[in-house]
Amino acid sequence: MAGYTSLTPGRLLNVLPVRDLRAGVSICYESVFGQLSRQAVRAGANLLVVLSNDAWFGQGAGAEQHFQMGRLRAIETRRFLLRAGNDGVSAVIDPWGQVRFRAPRGAGRLPGHL
């Protein structure tokens, strides 16, 4: 990572305790890599969470594709997945890949902003 010499990659994957839940959290495009979600489940995650900045996709199909790739994580790990996208898809997906709730794209956007 040229220009970012003070950054050090992490070595551990941690799950976050949230009351009775243990959340495996992915940030944006990390959700595409199934190995990270499977590793979180092996570490005790019983819920997957994806926080995503999908605004850079614009109005094309990229945000939808990104959502669908993350949806696969719920299916392959048999865990509920909560996804929050700033201008992409925010949704709740069950362990069988069924979308239980889906907010319209841009629903959380402030007037006059991207």
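**Exercise 1. Determine in which helix Ala63 lies, and whether Ala63 counts as buried or exposed.**

Solution. Ala63 belongs to helix H2, which covers residues 62-77. This assignment, like the others below, refers to a predicted model. The next step is the accessibility of the residue. Buried means under 20% relative accessible area. Ala63 has a relative accessibility of 0% and therefore counts as buried. Finally, consider Ser52, which is eleven residues from Ala63 along the chain. The C-alpha atoms of Ala63 and Ser52 are separated by 9.6 Å.

**Exercise 2. State which pattern the protein chain follows along the sequence.**

Solution. Begin with the inventory: the protein chain contains two helices and six strands. Placed in sequence order, these elements give β-β-α-β-α-β-β-β. For the burial of the chain, 34% of its 114 residues are buried.

**Exercise 3. Trace the network of salt bridges that links Arg38, Arg73 and Glu76.**

Solution. A search of the whole structure finds four salt bridges. Take the pair Arg38 and Glu76, whose side chains meet at 3.5 Å, N to O. Because Arg38 lies in helix H1 and Glu76 in helix H2, this pair ties together parts that are 38 residues apart in sequence. Next, Glu76 forms a salt bridge with Arg73, with the closest N and O atoms 2.6 Å apart. Glu76 and Arg73 both lie in helix H2, three residues apart, which is about one turn of the helix. The accessibilities complete the description: Arg38 is partly exposed at 37%, Glu76 is partly exposed at 36%, and Arg73 is buried at 7%.

**Exercise 4. Classify the two partners of the salt bridge between Arg100 and Asp94 as buried or exposed.**

Solution. The closest N and O atoms of Arg100 and Asp94 are 3.0 Å apart. Exposed means over 50% relative accessible area, and buried means under 20%. Arg100, at 55%, therefore counts as exposed. Asp94, at 3%, is therefore buried.

Note on methods:
Residues numbered from 1 in each chain as written. Predicted model: local features only at pLDDT ≥ 70, side-chain atom pairs only at ≥ 80, totals over all residues. Heavy atoms only, no water. Helix = DSSP H or I, 4+ residues; strand = E, 2+ residues; numbered from the N terminus. Buried < 20%, exposed > 50% of the residue type's maximum accessible area, 1.4 Å probe, protein only.
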